[in-house]
Structures are given as C-alpha cells and as structure tokens.
Amino acid sequence: MKLFPIRGGIHPEYRKELTSEKVIVALPMPAALYIPLQQHIGAPAEVLVKEGDLVKKGQMIARNQGAVSASQHAPTSGRIASVTEVIAPHPSGLPQTTIILEPDGKDEWACLPEPIADPFTATLHEINDRVAQSGIVGMGGAAFPSAIKLNLGEQKKLDTLLLNGAECEPYLTCDDRVMREYPGEVIDGARIMAHALGTPRVVIGIEQNKPQAIETITKAASAFPEIEVVTVPVQYPMGSERHLVQAITGRETPARKLAADLGIVVHNVATARAVHHAVRFGRPLIARVVTVSGGAIREPNNVLTPIGARVADLVEFCGGFSARPESVVNGGPMMGQPLASLEAPVVKGTSGILALTAEEINDRPANACIRCGSCITVCPCGLSPVDMAAFIRKDNLDVAARLGVMDCFSCGSCSYVCPSHIPLVHYFNYAKGVLRELEDDRRKSERIKTLAEVRTIRIEKAAEAKRAALAARKPAAGAAPSGAAPSGNVPSGNTGEIKATTEEKVNA
Amino acid sequence: MSVAIVKKSGPFAHGFSSVQKTMFLVLLALMPATVSNLYLFGWPAILLFTVTVGACVAVEAACLALAGKPVMATLADCSAILTGWLLAMSLPPWAPWWIGVLAAIFAIALAKHAFGGLGQNVFNPAMVGRTVMLISFPVSMTIWVAPHPLFSAGAPGLLEAFAITFGGNVPDTMSAASALGYVKTELSRGIPVTQSMAQVPDLMDMALGYRAGSLGETSALLILAGGLFLMAKRIISWHIPASMMGSLFLIAALFHAIDPAHFTSGTFHLMSGATFLGAFFIATDYVTSPVSKSGQIIFGIGVGLLTWSIRNFAGYPEGVAFAVLLMNSLTPIIDQYTRPRAFGRTRKGEPLPLEGKP
C-alpha cells in the first residue's frame, strides 16, 4: 500500500527491547485497589457503593453521568473499604475521589450482562450500550470514552476504521504484546467496532519496528478481506491520530475538525480487545496491560494490572528500583506525565510506568537559543517552536496564540532535538493552560452578559405586560376595552428606570 | 512515597546534541583547510591566527564578566573560538597583529555582546570584524602575499615572522594581488577580462589554495570537504550553500555569456574569493540566517546575487562579507514570511476546508 510522508518527527532511542520479548504476566492481586471516579476525559462517574458493601468482580461501582463519562467496575470481588480522597495519577499529586476496594481473594465474577450472540447482526445501539456499560475508554493514553467515538457513525459518513498499533512512544510495548499474544481478540474487536461504525474498511497501522506483531496480526486478519494491515515507518509521533491518518490516507485533518470529518475513526488496538471482551463475554474493562520499564526498574516487564493497583505495587512486582529514578512517568517518555507519588493508582489510560534515570532523560540546564531551526524542522505540526517560545518567555501569549501554540499537542519532538536543551514543551504547556483559562473567563463573562441582557428584557417585558393589564383594567370601567393603551403609551423614562435597576441588580 | 517534586513537563528523553558539540564539529570541519593554509602561508599566518583567536576568547571573557554572566561555563560553548577562527581565516594572512585584535573587539564586543550575547546578534560577528577592518584600514587589509609554504626556500622563519606580524614590515617584493582584485584592477585600466584572466592562477591551483588570498579564501576543495562533513553530520543542510553558490554561478555564467569582455565566468566566481568559505561556514551561521528551510533558500539566493553584484559593480573586489551582512539584516523579515504551514491549516492560518466543500 502506498504510504504518504508526514512532516518532521524524530527518531529517539526506542529501548523497546527492554520489554518487547517479555510475555504479559498478571500482577498478583494487591492488598487494596484504588479506583478513581475519574479516569477519563469528561465528567467523573457517580458512586454506586458505600463503605462496607460487598462487591463481585465486574460489578459496576460507579456509573457514568453526563454526556461524556465512563463507568467504573470492581476489578475483583471484595469489600469497599471506603470512598475517599486519594492522590491522583497526575503531576499535581492532588487528591481525587477514589473507591478503595479490599479484595477477598476469591475473585468471584458478578452476574455479567449476556454476551451478544452475533454482534454482526446487532444494532449500533446494542453494541454501543454494551461498550458504554463496560466503561471502555481509549487505551492509547487519552482515555476518551469509546462509546461516544463509536457513535460517530450516526452523525458522519464514515468509510474507514483505523486501528492504531503504531505505538511510537519509546519503551512502551504493551500494544505490541497485546497484538502478538491476542491477535484474534484484537481483530474480532476491530470487526465489531467497524460494524457499529458502519465502516466497510478496517486498516491496522503498525510501526515497522514490530515485525512479529505485523506478522501475527496479518495472519489473524487474513480471513477477513475488509481488513488491511499496513506497516508504517518508524517515525515519532506516527501514533498521533492526525499523523497516522495522514500517513495512511494522505489526507490532512483540518484544524478544529476530527479525523471523523474525513470519514475515518481511529481506535487503539487495546481498545479493540476491550470491546471484544465486553461484547463477546460481557466483561467490563477492569484490567489492562502496562509496560513497566526504564533504566531504574530491576526487571522490566509487561504486566496485566487490575485497574486501581498502585504504581508502587507494580514497581515492587518488577523487582523494585535498581537505581534512583530521576522521574517516574505515567505513559511514554515523550508525552507521558510525571508522577508525584508512587501511591497513585494505575488507571485505564496508563500504558506504561517508566522509572527513568538521569542518564536516560539526559536533561541539562538550558543554554541560549542559537536559532539552529531544528525545532522547526522536526515539528510535526508545522509550527515554529523557536518563535513561540520567545514570545511566551516575554509573556506575550497573544502572539504565541497567533503563531499556533494551541495547535501544539506537546509531542516533545522540539524539546528532544534542542541542542540548547530549552524546555520548549514546558513553555507551550504553560501558555496553553493560561490561554485556556483566559478563554474560559472570556466565555463565562460573555455568558453572564447575555444572561443579564436576557433578564433585563424579561423584566421589562413583564413590567410592560403588567402596565398593559392595568391600563386595560382602568378604562374597562368607562371606555371600551379595545381602547387599551398599547405599549407605546408607556412613558419612556419609566422603562429606563427599570432597566437601570435591573442592571444594578445584575452587577451586584 | 514521594518520588520527586515535579518541576517540568515532558519529554523525559532528550537527544545528545548540544551547542558545544555543534560548535566543536564546525571547528573540526574547518581543520583541514586551516592546517593546509597555515602551512602554505607559514609562520606569520600562524601568529596572526593565534592572536586573533586568543583575542576573541579574551574579549568574550571580558564581556561576559562585565555582563555578570558565568564566564567559564559560557566560554565552554566554543562559540568565541569559532568566531575568532572564522575571523582569522578572513584576514590577509600576513596582516599585523593589531588587525586581528581590533577585528576581535568589533566582532565579539560590538557585533555579539552589545546585542545580548550568543544567539541574540543580528549580524555575523566574524564578518562584522572583517568588514569594519576592511573599511577602516583598506591598505593593511588588502596586502596579499603569494603562498610561502613553511620551511620552503624564501619563506620567513619564526623570527622574521615576528617582525612581519608584530613589527608590521611585509617585504614589498612578497605581496601579490588576489585573483578577484587583479581582474578588477585590470578591468579599470581598460584591459578586458579575457586578457587579464590569462594572468590569474589556473583553476586547479585555486582549488588547492596555491594562490594569494586570505586563509579561508584559498583551497576551496578542503573547505568543500569540511562543508560536506557538516552536511553528513546534519549540522548544516544543503539549502544555503546550494542556493548561494547556485545563484552566484548562474548569474555570473549568464553575464559571462552575454559579455565575456567585462564579466568573468561562473566557475571563476565560484572558485575565487571567499565563495566556498562563505557558502559553507559563514552564511550558514545559525544565529544570523533564517530558521526555516524555505527562508534559507531565499537567504542563500540573496547572498549569491549580492556577492556577484558587489564583485562586479562596487568598489571592492570581494563581496561575500558584505553580501552576508546585508542578508543578515533581512533575516528577521525572511523568517516572518517563511514560517511553515501549520498542520491542518492554510498558509494564512485558517483551518483547511474539508474536501469537497469550499
């Protein structure tokens, strides 16, 4: 298949060999699981259990609420110890509401929903409900509720389901292992998703550095003519949705649009496997494969981890630290988030836990920019990091926004190549945060303004109606009702007064 | 257990390039041409080279100390050595010591640190140093000598070299004109290019450096080798050298075809003067050239065309330094108009239209 070039990108040291040949092993059930209500983009789930409740494996313990949300399920059977604030897997290290489950060691399944006997005759709603009910989110890292993405077929004309098996982040091998060990489940899940989306074609994109995965997936897909396995070049960030779509179809997703607007929906391979489990067996998403790696980990491995296991449990299972880690990262080294504490739990979007040494990170104090232009050459988004950073340093965020800082998805290529080791992504993340806040404020004040205006009009109208009614009643004693004063008769000064008072009230 | 205070966002992986490494590779690339030319021009050239580089480092250290910046750590980036090196290569090899020192002061103190130090300067420091000297001391800056290889008959020994560099007495008999200067002088006397060209060294001698000129102007082949090495190491890209030499060659060849009596050939323009040094080591200076590839092509074409114009129509026989400085001043504007197109957006920054819909 003809591939299309993508702009920029880098070739970091991948170090995937640390774990790529390690068969997925299950983490022994820890003494307690910490299941945050929010593990996904959108609203946190609503708690369904309370302290002391006994739950079974797979039982829903928090329900999705609002338009964008995902429910949580008990990863094993046991007793709810409490629902309390626990440190979140987030750089801030701030706490969030979390259900603490004490496993009883029996690992007893709850009464699961019936498997969907023939998913390929099931309706979109049946599959979608099941996916939503099973708490499935995108497992590539963004953790967007999958059911919403599967619904796109109803709104847009789709032609391709693109399964993302690029796994372009260094170190990570969880998708690679899933593809190699469970190719049938991945392919079945992909076919079910394609059916729900109504896409006639399925393309599975895998980076060239995973030859065994390409081979096993190709073999498993050979029975299905609608599935095509495509080897994409090793070029970070090939796994970015927009870039993978461009590499495979040659089409560039316009800014502020989705790949779905081009007829393409992208899902991660591990998500496909989760869909397979939910549809074929009624099993919700309660565990995921996590790559535990990095130079500071004694025995790097791919670990099947129940959601809610603490990072510390994983590290201990992998032999603990062999050296002092400079940073412990949740996700890949390029786009992952630093963890503030090992007490934070593994969530549905955790693809890797990396304990990295200072030598691996190779960060150094920043020097002056020598304008080498490498950052422009490698930026996959066609931005000018050197210029944006210069303006952000002077807190001139408006110009940075005009130069496109909001289009940056923090892939880190510029920071990686910078010979002066300028923390470019750090600048951009700062700018994006502030700009988003400003935009929120602007929207809020605009909304308040509109509401105030609407209220003024409403009060005016009510007052007018009242006067009209009064006027109608007064002459009713003498003259005919038809002579009632229309609104024009109301003295204008009066209206002004009312308006002024309303405004006062609103401003107060 | 708390791991570490989170100070900075990702990425948690960085490449192994550094400013120091980049500068070091450039110095390495200059080495063959430098060694060869120091050999060809003998002890006076070695003395001037040492004085110029030393002066640049000293001025840099003084400026850093004045500005309250870390002196040793910043000197370690090698940028002052590189400036001094390029500056020395652009001076007449037997020029007196004070030329090197004054040029260093102008290059480092005025062109670099007055603007804020490394990365902030608008103009190429080495070229500022050279140009200020050329304008202020035209005589000293245009005394060229024919090569006198070390230890060859007639070459000055170390003591004579001290007299030349620090005493300022270049034996008259030893001076010679550079090819570009000779052709220009002859042309002003009414002797057409076709005749005067017979007197300049043949192309092979010019390529190997066996001719009069500054250290870096001669031996185009070794400069080329250094340039190719930098390309292979991805320190520089082909954009500036190719566009500069290409445009210089094309316009020279065009006018040579039209009027061979007044205009020298494209090959002569490429092989003479500082064309090679300028194309690979001067115009490609990161700080003062555009950052985007398309901007670099515009910049290179500008340098090429200006060089040719100055060589033919201005008072000076050589124009690379002037051309580079003129284009340096345009770099911010070129940068502003040659930013790459953002993903999913038009050149104007609007989101791309969805296919099929305008």
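Helices here are DSSP runs of at least four residues in state H or I, strands are runs of at least two in state E, and both are numbered from the N terminus. Counted in this way, chain A has 16 helices and 17 strands. The model is predicted.

**Chain A as a whole**

The mean pLDDT of chain A is 90, and 93% of its residues reach 70 or more. Residues 480-508 of chain A have a pLDDT below 50, and this stretch has 25 contacts in the model beyond near neighbours in sequence. Along the principal axes, the C-alpha atoms of chain A fill a box of roughly 100 × 65 × 50 Å. Of the 508 residues in chain A, 52% are buried. Among the contacts in chain A between residues at least 6 apart in sequence, 72% join residues at least 24 apart.

**The parallel sheet and its surroundings**

Four strands of chain A form an open sheet with parallel pairing, in the order 11-10-9-12. Strand 11 and strand 12 of chain A are the edge strands, and each of them pairs on one side only. On average, neighbouring strands of this sheet are turned by 25° against each other, direction ignored. Strand 10 of chain A runs parallel to strand 11 of chain A, and six bridges join the two. A:Ile204 stands opposite A:Val229, a residue of strand 11 of chain A.

Helix 6 (residues 211-221) of chain A lies across strand 9, strand 10 and strand 11 of chain A. To strand 11 of chain A, helix 6 runs at about 165°.

Is helix 7 (residues 241-249) of chain A enclosed or open? Eight of its nine residues are buried, so helix 7 of chain A is largely enclosed by the rest of the structure. The buried residues of helix 7 include A:Glu241, A:Arg242 and A:His243, as well as A:Leu244 and A:Val245. Among the elements that cover them are strand 9 (160-165), strand 10 (201-207), strand 11 (227-232) and strand 12 (264-268) of chain A. After helix 7 of chain A comes A:Gly250, with a positive phi near 80°.

**Helix 5 against helix 8**

Two packed helices are described by the angle between their axes and the distance between the axes. Helix 5 (residues 183-197) and helix 8 (residues 269-281) of chain A pack at an angle of about 80°, and their axes are 7 Å apart. Angles of 65 to 115 degrees count as roughly perpendicular, and helix 5 and helix 8 of chain A are therefore roughly perpendicular to each other. From helix 5 of chain A, the residues that meet helix 8 include A:Val186, A:Ala190 and A:Met193. Those of helix 8 of chain A that meet helix 5 include A:Ala272, A:Val275 and A:Val279. By class, the residues of this contact are eight nonpolar, two polar and three charged.

**Antiparallel pairs on strand 8**

Strand 8 (residues 95-103) of chain A runs antiparallel to strand 2 (residues 33-36) of chain A, with four bridges between them. In this part of the chain, A:Pro36 stands opposite A:Thr98 of strand 8. Strand 7 (residues 78-87) of chain A is also antiparallel to strand 8 of chain A, and nine bridges join them. A:Ser82 stands opposite A:Ile100 of strand 8 of chain A.

**Local backbone features**

A cis peptide bond, with omega about 0°, joins A:Tyr236 and A:Pro237. A:Pro237 lies in the loop between strand 11 and helix 7 of chain A.

A residue is buried if 20 or more other C-beta atoms lie within 10 Å of its own.

**The contact with chain B**

Chain A gives 59 residues to the contact and chain B gives 37 residues. On the side of chain A that touches chain B, at least two residues each come from strand 15 (327-330), helix 10 (358-361), helix 14 (413-417) and helix 15 (424-477). This side of chain A has 32 nonpolar, 16 polar and 11 charged residues.

Note on methods:
Residues are numbered from 1 along each chain as its sequence is written. Chains are lettered from A and ligands numbered from 1 in the order in which they are written. This is a predicted model: local features need pLDDT of at least 70, side-chain atom pairs count only at pLDDT 80 or more; totals for chains, interfaces and linings use all residues. pLDDT is the predictor's confidence in each residue, from 0 to 100. Two residues are in contact if their C-beta atoms, placed from the backbone, lie within 7 Å. Axes are lines fitted to C-alpha atoms, for helices over the stretch in contact, and angles run from 0 to 180 degrees between N-to-C directions. Angles under 35 degrees count as roughly parallel, over 145 as roughly antiparallel, 65 to 115 as roughly perpendicular and the rest as oblique. Ala, Val, Leu, Ile, Met, Phe, Trp, Tyr, Cys and Pro count as nonpolar, Asp, Glu, Lys and Arg as charged, and the others, Gly among them, as polar. A residue is buried if 20 or more other C-beta atoms lie within 10 Å of its own, exposed if 12 or fewer, and partly exposed in between; C-beta atoms are placed from the backbone. Two strands pair if DSSP finds at least two bridges between them.
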